[in-house]
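Student: Please take me through this structure by question and answer. Start with the term you will need for the handedness.

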Amino acid sequence: MKIKLLMIGLLGLSTITAFAQKGVLKDAQESYDKYTVEISQKILASKAKQDLADAKTSIDKAAANDKTATMPQTYALEGAVYAATAAMDTTGTAAAAVTTAQDAIKKAKEADTKGDFKKLITDAGNNLAIYFQAQGVKQYQNGKYELAYQAFDNWNQATGDTTALYYSSLSASNAGLTNPKFNAYATAGYNKLLATNFSQNVKIYGYLSTLYMVTKDTADALKIISTGVTKFPSNSDLRNLEVKFFLMAGKDNEILGKLEAAVTADPKNKELCYYAGLAYTRVGDAADAKAKKTKEAAAKGAVAKEAADDYAKAAGYYKKALAIDPNYIDANINLGNVLMKPAIDLFNQANNLPSNATPKQYDDLRAQADAQFDLALPYLQKAVDLDPKNNAALTNLWNYYRGKYDKAHAADNKAKAADLKKQIDANPAKN
């Protein structure tokens with residue numbers, strides 16, 4: 001009889017203990033609920049802080065007791081309380097609270113199979129997001145991009161927020177400048193964002209294609225930037241970037257059609273006009289090089305004509321750029337150069353005439369060369385006037401005075417050429 005009574009007493013004690021622990025869990029829930037109401041009102045901020053502290057005391061007791069430690073509500077509340085504690089921290093000592101919250105949230109998601117505590121779990125994730133966002137911004141502003149990436153990535157892991165993914169990718173891009181392993185994180189993040197309807201995707205096409213170019217993945221860079229231009233055809237930044245990347249990759253023929261269409265759509269864009277001129281110059285250079293290697297006369301003439309036509313188109317686009325901005329130095333340099341190319345060819349033809357050529361043949365070729373040289377002079381001189389230290393401009397003008405025949409001013413031209421050569425040799429800036 002005594003044994004039976006003793007067992008009944010022990011069972012009663014066990015039941016009382018369980019109820020007591022569930023009461024602690026209830027206290028934790030009530031204190032946390034008060035905190036969530038009060039935290040949004042400044043006047044109740046101190047009360048919210050105390051209620052959160054009371055919730056923490058209660059949830060710690062519930063988490064330490066075997067009978068309530070593994071309950072879904074315990075995990076969910078522990079995650080919510082510790083995440084809120086981290087979000088409120090102003091001393092920089094919240095790392096332990098963050099770790100506890102992350103572990104509890106993970107267990108809560110696994111244990112809460114019915115979704116009874118979904119709101120608590122969501123609240124916990126949101127409060128961790130507040131903490132990680134603040135940490136990420138602080139580290140990013142201090143130039144600590146690796147730490148910023150980690151914080152923003154934790155924010156993303158807590159909530160799946162695309163803004164968090166965006167900031168983590170930006171941080172990784174910056175971190176990749178000094179630690180290349182972060183480039184892969186940035187690439188992965190940007191690609192994930194492009195698979196969504198994220199509001200900043202127009203920028204991300206530019207960021208991702210630039211990152212590919214920086215990491216020497218030219219094929220993906222061109223693919224991504226062209227996809228971006230297709231999706232956002234009116235965005236001039238993407239269009240200009242596409243042009244630059246195709247030119248950098250030596251895809252001059254591939255970009256010509258797009259360039260011409262872009263200039264037609266935006267005829268006041270001096271850079272587009274300049275890039276069209278540059279593309280045609282390079283296509284012309286390729287044809288000119290091919291012509292010089294071609295032996296058969298008819299084929300040689302056909303390719304030479306292609307080169308001349310390309311140079312003429314290049315000159316036309318450079319002139320369009322200069323009509324928009326006469327002081328556009330690169331357009332002045334390139335226009336002077338492209339106009340001088342035929343003059344140099346004529347100059348070389350004259351000097352390479354066979355020994356049985358007549359003086360008239362020589363004089364005729366030199367006269368044609370001079371006329372062509374003079375077409376280039378205004379742009380050659382303008383470029384030097386705009387930037388007297390620019391070696392490309394100085395060299396072009398030097399070549400003009402070396403090639404100019406003009407018997408009446410031969411001595412003067414020779415002196416000018418010599419002076420320009422001194423400037424080039426003394427110029428430390430190799431443009």
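Tutor: A crossing counts as left-handed if the near helix is turned anticlockwise from the far one by less than a right angle, and as right-handed if clockwise. Helices are DSSP runs (H or I, at least four residues) numbered from the N terminus. The model is predicted: local features need pLDDT of at least 70 and side-chain atom pairs pLDDT 80 or more, while totals for chains, interfaces and linings use all residues. Residues are numbered from 1 along each chain as its sequence is written, and side-chain values use heavy atoms, without hydrogens and water.

Student: In which sense does H12 pass H13 in the crossing?

Tutor: H12 (residues 252-265) and H13 pack at about 150°, with axes 9 Å apart (lines fitted to C-alpha atoms over the stretch in contact; angles run from 0 to 180 degrees between N-to-C directions). That angle makes H12 roughly antiparallel to H13 (over 145 degrees). The crossing of H12 past H13 is left-handed.

Student: How do the residues of the contact of H12 with H13 divide?

Tutor: Contact means heavy atoms within 4.5 Å. H12 brings residues including Ile255, Leu256, Leu259 and Val263, and H13 brings residues including Leu272, Ala276, Tyr280 and Val283. By class (Ala, Val, Leu, Ile, Met, Phe, Trp, Tyr, Cys and Pro nonpolar; Asp, Glu, Lys and Arg charged; the others, Gly among them, polar), the contact of H12 with H13 has three charged residues, one polar and 12 nonpolar.

Student: How far apart are the axes of H14 and H15?

Tutor: Tyr311, Tyr318 and Leu322 are among the H14 residues that meet H15, where Leu335, Val338 and Leu339 are among the partners. The H14-H15 contact has 10 nonpolar, two polar and two charged residues. H14 (residues 297-324) and H15 (residues 329-351) pack at about 155°, and their axes lie apart by 9 Å.

Student: What is the angle between H15 and H16?

Tutor: The crossing of H15 and H16 is left-handed. The contact of H15 with H16 has 21 nonpolar, seven polar and two charged residues. H16 spans residues 359-386, and H15 packs on H16, axes 8 Å apart, at an angle of about 160°.

Student: Which element gives the most to the lining of the largest pocket?

Tutor: The largest pocket holds about 540 Å³ of space. Of its 22 lining residues, Asp288, Lys292, Ala304, Asp345 and Gln349 are the closest to the centre. H13 (270-293), H14 and H15 each give two or more residues to the lining. With nine residues, the element that gives the most is H15.

Terms used
On a 1 Å grid over the protein atoms alone, a cavity is a set of points where a 1.4 Å probe fits but cannot get out, and a pocket is an open set with protein on both sides within 12 Å along at least five of seven lines; lining residues have an atom within 4 Å of a point. Grid points are joined across faces, edges and corners, and a volume is the space filled by probe spheres set on the points. Angles under 35 degrees count as roughly parallel, over 145 as roughly antiparallel, 65 to 115 as roughly perpendicular and the rest as oblique.
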